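I opened a new page for this protein and its ligand.

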Amino acid sequence: MREGEAAVYAAPAADGADRAWLAQLWRDGWGGDPMYSGGRVHHLARLEAFIAWEAGRRVGAATYAPPEDGVAELVSLDALVPGRGVGSLLLQAVSDAVRARGGRALKVVTTNDNLDALGFYQRRGFRLMALRPGAVDVARRHKPTIPLVGRHGIPVRDELVLIAELAGEEPSSFPDSGGDDGAAPGS
Ligand SMILES: CC(C)(COP(=O)(O)OP(=O)(O)OC[C@H]1O[C@@H](n2cnc3c(N)ncnc32)[C@H](O)[C@@H]1OP(=O)(O)O)[C@@H](O)C(=O)NCCC(=O)NCCS
């Protein structure tokens, strides 16, 4: 946070107004619930979520799926005010929650057009783990709201999986780095 800016903090999402706001956020940003990522279908509304607040306004949100074999998945991350620390704060909140639940690593799936997210995650300790060519094209058959052309005018086709070890160790093994599992990923 810079001087003169209101403090941003993250809090677990509550029922009611928080959940209604999240549903709208996902409609606007991700073409609605569910999300297809990592070869799985995630129903965002059923996931644990954190909301970022600034001066009484909701300014971002993150959802995650709890650890399986020690690895949790960050399923969605949205900062409505970019470059002000909202994404970092939410990532930290999710990492802390996953660690508290016994997780040792956090995985995230993004798409080939999301150059900003690829930089954001890699600057925060994430390593590339898998590339799933054509995975978004498969997901789009299930979720036609996934755009054909994404950020920076790049066709959205492929899925990239990144992982960060929460204990600060070098990733030594990637439990689910197998190639195409035939399921729908992506957005
Ligand atoms: C990717 C995304 C979540 C990043 O969120 P963000 O809030 O912009 O991220 P942050 O502000 O924490 O960090 C971005 C930069 O701002 C800088 N920053 C942090 N706090 C800051 C502050 N108070 N003032 C100015 N800059 C600041 C950080 O240093 C960071 O730079 P770095 O990455 O070079 O280290 C955001 O761009 C987003 O919502 N994108 C659209 C949705 C999306 O693609 N989500 C990911 C799906 S996989």
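**Chain.** I counted four helices and nine strands in the protein chain. Here helices (H or I, at least four residues) and strands (E, at least two) are DSSP runs, numbered from the N terminus. Along the sequence I read β-α-β-β-β-β-β-α-β-α-β-α-β. This is a predicted model: local features need pLDDT of at least 70, side-chain atom pairs count only at pLDDT 80 or more, and totals for chains, interfaces and linings use all residues. Residues are numbered from 1 along each chain as its sequence is written.

I looked up burial next. Of 187 residues, 36% count as buried (20 or more other C-beta atoms within 10 Å of the residue's own, with C-beta atoms placed from the backbone; 12 or fewer is exposed, in between is partly exposed).

**Ligand shell.** I found 19 residues around the ligand, with Ala79, Gly85, Val86, Gly87 and Ser88 coming nearest. The cut-off is a backbone-placed C-beta atom within 6 Å of the molecule. Which elements each supply at least two shell residues? I noted strand E6 (71-79), helix H2 (86-100), strand E7 (105-111) and helix H3 (115-122).

**Aspartate 113.** I located aspartate 113 in the loop between E7 and H3. Why does aspartate 113 count as buried? I put it down as buried because aspartate 113 has 21 C-beta neighbours inside 10 Å. Aspartate 113 touches Gly150, Arg151, His152, Ile154 and Val156, leaving out residues up to four places away in sequence. Contact means backbone-placed C-beta atoms within 7 Å. I also checked glycine 153, 40 residues from aspartate 113 along the chain: their C-alpha atoms are separated by 7.9 Å.

Notes: Contact = placed C-beta atoms within 7 Å.
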